[in-house]
Amino acid sequence: MSSPVPDDDLPRRPGRVHIAARRRGADLTALGSLALHLPHVTASLAVVFVVSYALGHLSDLPWWLLFGCWVLSGALVFHRPCERLLARWLFGLRYPTPEEDGRLRPVWREVTARAGVDAGAYQLWMEESDEINALAAAGHIVGVTRHSLRTLTPAQLAGVLAHELGHHTRGHAWSSLLSLWYALPARLTWRLLLRSATRLDRLPTGAAAVVIGVAGATLIALATATYGLIFLPLATPYLVAAVSRRSELRADEHAAGLGFAPQLMAVLHQEREREATATAPGLAFNKGGMIARLLDSHPDVHTRLHRLQAHLDNRR
């Protein structure tokens, strides 16, 4: 095993730092993400209730037990064994090799100590990717791409990790995963309904007309009863993307507050150069179209650099 990469170039903050267990909270973007998914969550509750009630009549299990298990299942996001399954099967991560751990853990310890967080409260994972990237997920997952670990300096890697720690301490990681989980039954039901709707042409003309008429009348009745709020989920993807972009800027603020703004800016400059090289001139307009930008979960690099530079200017 090779020796760990020295972290002498890591910017250090003098003084004693109080170490907390996790220092986890929820800012406005995390709460906003949860609020935007309330229509989907409510629909999921209705779907799971119907399914649980039906299974309760078909089996000896009480329907409330099945329904209650699903309601409480979100707590598994913070259960370590379940998190390991999520890391492997949902996010495609793996444990660091001894050499990778020797390079990654000293940087992580420096970032968490500066933030006042116990380094062992989170699990470090690796992603087999040739991109400079990292992720924060569930309650304790922090993943780094193999390319990031290989090409970034310890200081630059610290800036990236400080950004991901911000997602955890501000509640972005667990709120997004909980929203996804509790909205899943409604999304699956909606896809099933859409798939069934595409098969209406196989029905006789009279039967198809009856189905369309009943569906249209039901939709009008629901729209009237909810004052049009039933159509709110149509705008949800755009609102969720806007909140996600805001959460990325908040995580940048967290990294900057720990003193890693210059290091994170250096990484973003590399990303901007890579995008400029990879984007063909003829595709630049299409890639930056209005709809694509509204649905993008990350702000553009220029905006992030501008915010970080403003943070540095304000501290001078």
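The axes of helix 1 (residues 28-36) and helix 2 (residues 38-58) come within 5 Å and cross at roughly 45°. Axes here are lines fitted to C-alpha atoms, for helices over the stretch in contact, with angles from 0 to 180 degrees between N-to-C directions. Helix 1 and helix 2 are therefore oblique to each other; angles under 35 degrees count as roughly parallel, over 145 as roughly antiparallel, 65 to 115 as roughly perpendicular and the rest as oblique.

Before going on, a word on what you are looking at. This is a predicted model, in which local features need pLDDT of at least 70, side-chain atom pairs count only at pLDDT 80 or more, and totals for chains, interfaces and linings use all residues. Residues are numbered from 1 along each chain as its sequence is written, and side-chain values use heavy atoms, leaving out hydrogens and water.

## Where the two helices meet

Which residues of helix 1 and helix 2 meet? Leu 34, Ala 35 and Leu 36 on the helix 1 side meet Leu 38, Pro 39 and His 40 on the helix 2 side, where contact means heavy atoms within 4.5 Å. Sorted by class, this contact has five nonpolar residues, one polar residue and no charged residues. In this sorting Ala, Val, Leu, Ile, Met, Phe, Trp, Tyr, Cys and Pro count as nonpolar, Asp, Glu, Lys and Arg as charged, and the others, Gly among them, as polar.

## The whole protein

Stepping back, the secondary structure comes to 14 helices and four strands. Helices (H or I, at least four residues) and strands (E, at least two) are DSSP runs, numbered from the N terminus. Of the 316 residues of the protein, 37% count as buried; buried means under 20% relative accessible area, exposed over 50%, and partly exposed in between (1.4 Å probe, protein chains only). Among contacts with a separation of 6 or more, 77% involve residues 24 or more positions apart.

An unreviewed UniProt entry lists residues 28-55, 61-78 and 210-240 under "transmembrane region". UniProt positions are given in the numbering used here, feature names are shortened, and annotations may be inferred rather than shown by experiment. In the model, residues 28-55 are 96% helix and 0% strand, with end C-alpha atoms 38 Å apart. Residues 61-78 are 56% helix and 0% strand, and their end C-alpha atoms lie 27 Å apart.

## Aromatic pairs

Rings of Phe, Tyr and Trp (its six-membered ring) pair if their centres lie within 6.5 Å; planes under 30 degrees apart count as stacked, over 60 as edge-to-face and the rest as tilted. By this rule the count comes to nine aromatic pairs. One of them joins Trp 63 and Phe 67, a tilted pair with 6.4 Å from centre to centre and 55° between the planes. Both residues lie in helix 3 (residues 63-72), four residues apart, which is about one turn of the helix. Trp 63 is partly exposed, at 33% relative accessibility.

Tyr 95 and Trp 125 form a stacked pair, 4.4 Å centre to centre with 20° between the planes. This pair links distant parts of the chain, 30 residues apart: Tyr 95 sits in the loop between strand 1 (93-94) and helix 5 (98-115), and Trp 125 in strand 2 (residues 123-127).

## A few residues to look up

Ala 138, in the loop between strand 3 (134-137) and strand 4 (141-145), has a phi near 55°, a positive value in a residue other than glycine. Most residues other than glycine have a negative phi. Ala 138 is buried, with a relative accessible area of 1%.

Gly 171 lies in the loop between helix 7 (154-169) and helix 8 (172-197) and is buried at 0% relative accessibility. Leaving aside residues up to four places away in sequence, Gly 171 touches Gly 25, Ala 26 and Ala 30.

Here are some C-alpha distances to check in the viewer.

| Residues | Separation in sequence | C-alpha distance |
|---|---|---|
| Gly 171 and Gly 25 | 146 residues | 5.4 Å |
| Leu 65 and Ser 52 | 13 residues | 8.4 Å |
| Gly 257 and Arg 315 | 58 residues | 9.8 Å |

Leu 65 is found in helix 3 and is partly exposed at 36% relative accessibility. Gly 257 lies in helix 10 (residues 232-257) and is partly exposed, with a relative accessible area of 36%.
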